[in-house]
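Please read them with the structure open.

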Amino acid sequence: MPVSFTDLTSLQSNQLVESMVEPEYRAKQLRKWVYHSMALSFDEMTDLPLPFRERLKNEVRLHSLEPVQSLTGKDGTLKVLFKLINDNTIESALMFYGEDRGVERRTVCVSTQVGCAVSCPFCATGQQGFERNLTPGEIIDQVLYFARYLREKDDRNGSPQKKKAEHISNIVFMGMGEPLANYDNLWQAIEMLNSPEGFGLGARNMVISTAGLVPQIKRLAGEKLQVGLAVSLHAAENELRNKLVPLNKKYPLEELIPACREYSRSTGRRLSFEYILFNGINDSITQARALAVLLNGLKCHVNLIPANTTDNPSFQPPPGRIILAFENELKRLGINVTLRERRGQDIDAGCGQLRSRFLKDPGNSPGKSAIKGKV
Ligand code: SAH
Ligand code: SF4
């Protein structure tokens with residue numbers, strides 16, 4: 001079975017090249033082709049000797065994902081369902097946000113696991129059960145796919161050729177799965193996505209979202225890279241959070257919040273809390289006040305997210321006036337809060353939803369047409 005190039009650390013790709021009796025600088029050349037030029041075939045790598053390229057073709061794979069469905073939303077959001085080498089499927093999204101100092105943000109939402117073991121009842125991925133962790137290469141390849149897509153889009157639109165990684169401005173690990181439950185592979189991927197020898201994206205432009213794995217939050221605090229952390233809270237008291245995020249039974253709020261306080265204090269890094277608003281469940285003014293008390297004095301940002309509807313009818317977004325009242329109450333109490341812009345509403349924006357449909361009926365999911373060859 002060939003090895004996936006993006007599964008290798010720089011040291012491992014050096015060793016691979018060495019095992020093929022080639023000078024070490026060839027590994028650098030390869031990394032440049034893969035992460036800067038985003039090459040999809042060894043034939044493109046014209047500065048490598050032909051016999052070496054032929055050998056690489058047999059022993060190394062350049063991409064591990066095959067796009068099987070794609071959907072484009074009215075706001076430009078692109079969702080893609082990928083098949084992995086072993087036939088599992090995952091989904092990822094590319095989202096476009098308003099101009100920030102003249103530059104449009106192009107954010108990739110990346111999956112880290114096939115399914116998820118946390119089983120939140122409102123989440124499409126949570127209903128699929130857990131299959132396996134993604135490898136570092138499978139995580140990285142999602143980013144490279146969208147980077148190529150953007151490059152080709154810009155080329156088609158006649159924009160001047162841009163340098164590597166300018167296309168994608170942000171990466172959020174908020175797709176399928178619990179990123180911190182796949183810590184080692186996630187971290188290897190982040191290091192390569194950040195490294196100037198790799199994809200070269202600033203760590204500050206990446207955010208890991210977690211349902212609240214306390215030991216891993218502590219471990220993350222000790223890492224050097226300034227990656228942002230988002231904690232999916234959704235409730236400010238244990239009884240409700242136990243139901244919404246079952247991991248809370250293992251790491252209740254009295255452990256999670258002090259870990260977040262410590263994380264914020266010791267790293268000074270960006271920390272945000274995600275709070276999905278569910279109609280009649282966690283959207284009252286009393287609950288807004290409880291949230292403000294819980295986060296009192298903690299340097300953080302709260303993202304309010306109106307629920308995306310999934311197959312579970314119990315979880316609906318509240319009416320606009322309730323959302324506004326909740327937001328205003330938090331503001332009044334001094335909490336830094338934003339209402340999250342919703343993306344891709346018309347195309348099952350929440351990660352996991354496209355895959356859910358696909359699993360139920362692979363032949364009849366929406367948008368199955370869109371993909372003709374690999375991007
Ligand atoms: N497992 C991690 C990261 C992946 S989920 C986590 O839970 O943080 C990424 C985000 O999508 C989380 O904040 C999650 O709560 C949110 N999400 C899941 N289902 C949703 C839904 N139906 N509506 C809105 N947000 C949802
Ligand atoms: Fe897993 Fe996050 Fe979905 Fe919960 S919300 S089931 S933790 S992916």
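**Notes on the predicted model**

1. Val-21 sits in the loop that runs between H1 and H2. The model is a predicted one, and in it the phi angle of Val-21 is near 55°, a positive value in a residue other than glycine. Val-21 counts as exposed because its relative accessibility is 71%, the cut-off for that class being over 50%.

2. Met-38 is not a glycine, yet its phi is positive, at about 55°. Is Met-38 buried or exposed? Its relative accessibility is 3%, so Met-38 counts as buried; the limit for that class is under 20%.

3. Helix H3 covers residues 50-59, and its buried residues are Phe-52, Arg-53 and Leu-56. These three lie on the same side of H3, because the arc they cover around the axis is only 100°. The exposed residues Pro-51 and Asn-58 are carried by the face of H3 that is turned away from the buried side. What do the buried residues of H3 pack against? Their partners are helix H1 (10-19), helix H2 (25-36) and strand S2 (60-61).

4. Glu-91 belongs to strand S5, which spans residues 89-100. With a relative accessible area of 0%, Glu-91 is buried. Its side chain makes a polar contact with the side chain of Lys-79, at 2.5 Å.

5. For ligand 1, the surrounding residues number 17, and the closest are Gly-177, Ser-209, Ser-232, His-234 and Asn-308. By class, the shell around ligand 1 divides into seven nonpolar, eight polar and two charged residues.

6. An oxygen atom of ligand 1 lies 2.8 Å from a polar side-chain atom of His-234. The backbone also takes part: a nitrogen atom of ligand 1 is 3.0 Å from a backbone N or O atom of Phe-122, and a nitrogen atom of the ligand is 2.9 Å from a polar backbone atom of Asn-308. On its own, ligand 1 has 530 Å² of accessible area, and the protein covers 88% of this. Which elements give two or more residues to the shell around ligand 1? They are strand S10 (206-210) and strand S12 (271-277).

7. Ligand 2 is surrounded by a set of residues that includes Cys-116, Cys-120 and Cys-123. How many residues of the shell around ligand 2 are nonpolar, polar and charged? The shell holds five nonpolar and three polar residues, and no charged ones.

8. Some totals for the protein chain close the note. Its secondary structure comes to eleven helices and 14 strands. The chain has 375 residues, of which 54% are buried. Of the contacts between residues at least 6 apart in sequence, 66% join residues at least 24 apart. The protein chain exposes about 16,500 Å², and carbon and sulfur atoms supply 50% of that area.

How values were computed: Residues numbered from 1 in each chain as written. Chains lettered and ligands numbered in written order. Predicted model: local features only at pLDDT ≥ 70, side-chain atom pairs only at ≥ 80, totals over all residues. Heavy atoms only, no water. Near = heavy atom within 4 Å. Nonpolar A, V, L, I, M, F, W, Y, C, P; charged D, E, K, R; others polar. Buried < 20%, exposed > 50% of the residue type's maximum accessible area, 1.4 Å probe, protein only. Helix = DSSP H or I, 4+ residues; strand = E, 2+ residues; numbered from the N terminus. Arc of directions from axis to C-beta. Contact = heavy atoms within 4.5 Å. Polar contact = N/O pair within 3.5 Å; in protein donor to acceptor, adjacent residues only side chain to side chain. Areas by Shrake-Rupley, 256 points an atom, 1.4 Å probe, with all protein chains shown as cover.
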